[in-house]
Amino acid sequence: MSKPYLGVKDGRLAECPSSPNCVSTQTDQQDKKMNALPFFNDLETSKQVMKEVLHQMERTTIETETENYIHGIVKSKWMKFKDDVEFYFDQDEQVIHFRSASRTGYSDMGVNRKRMNGISEHYESMRRK
């Protein structure tokens, strides 16, 4: 991975910066913390469902995929800013940890949290089917 702030190192996604334009399930910063998602049966099924969720999102591309990791890029509608969305499929805990962060700017006006709430809701609705 070309960006040092992307990927999984020792079972963890990168920490969010001090700026308010990031959310993560693995951060200790309470204002940026979100809940991990439970596995959907097993690793493969969970990844497949998450990929389906991402493919249904506008302006979103999957850039990298490994056995237990997906990195996507979401482009903003008007200014074409790029945000990184990452998913770490933790087989030990049977959860999906995620991180969503803006590459530029300081405040994101809550966009990353709103995006991850939407992804989480969509994923959970697919699990209930």
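Predicted model: local features only at pLDDT ≥ 70, side-chain atom pairs only at ≥ 80, totals over all residues.
Q: Helices (H or I, at least four residues) and strands (E, at least two) are DSSP runs, numbered from the N terminus; which element of the protein has the highest mean pLDDT?
A: Residues are numbered from 1 along each chain as its sequence is written, and side-chain values use heavy atoms, leaving out hydrogens and water. The protein averages 91, and 95% of the residues score at least 70. Helix H2 (residues 111-128) has the lowest mean, 91, whereas the highest, 97, belongs to strand S4.

Q: Which residue caps the N-terminal end of H1?
A: Helix H1 covers residues 43-55 and reaches 18 Å from its first C-alpha to its last. Its buried residues (under 20% relative accessible area, 1.4 Å probe, protein chains only) include Leu-43, Val-49 and Leu-54. A side-chain oxygen lies 3.3 Å from the backbone nitrogen of Glu-44, and this oxygen belongs to the capping residue, Asp-42.

Q: Which element gives the most to the lining of the largest pocket?
A: A pocket is an open set of 1 Å grid points where a 1.4 Å probe fits, with protein on both sides within 12 Å along at least five of seven lines; lining residues have an atom within 4 Å of a point. The largest has a volume of about 400 Å³, and among the 15 residues that line it, Val-74, Ser-76, Asp-83, Val-111 and Arg-115 are the closest to its centre. Strand S6 (69-75) and H2 each supply at least two lining residues. With 3 residues, the element that gives the most is H2.

How values were computed: Expected span 1.5 Å × (residues − 1). Buried < 20%, exposed > 50% of the residue type's maximum accessible area, 1.4 Å probe, protein only. Polar contact = N/O pair within 3.5 Å; in protein donor to acceptor, adjacent residues only side chain to side chain. pLDDT = per-residue confidence, 0-100. Points joined across faces, edges and corners; volume = space filled by probe spheres on them.
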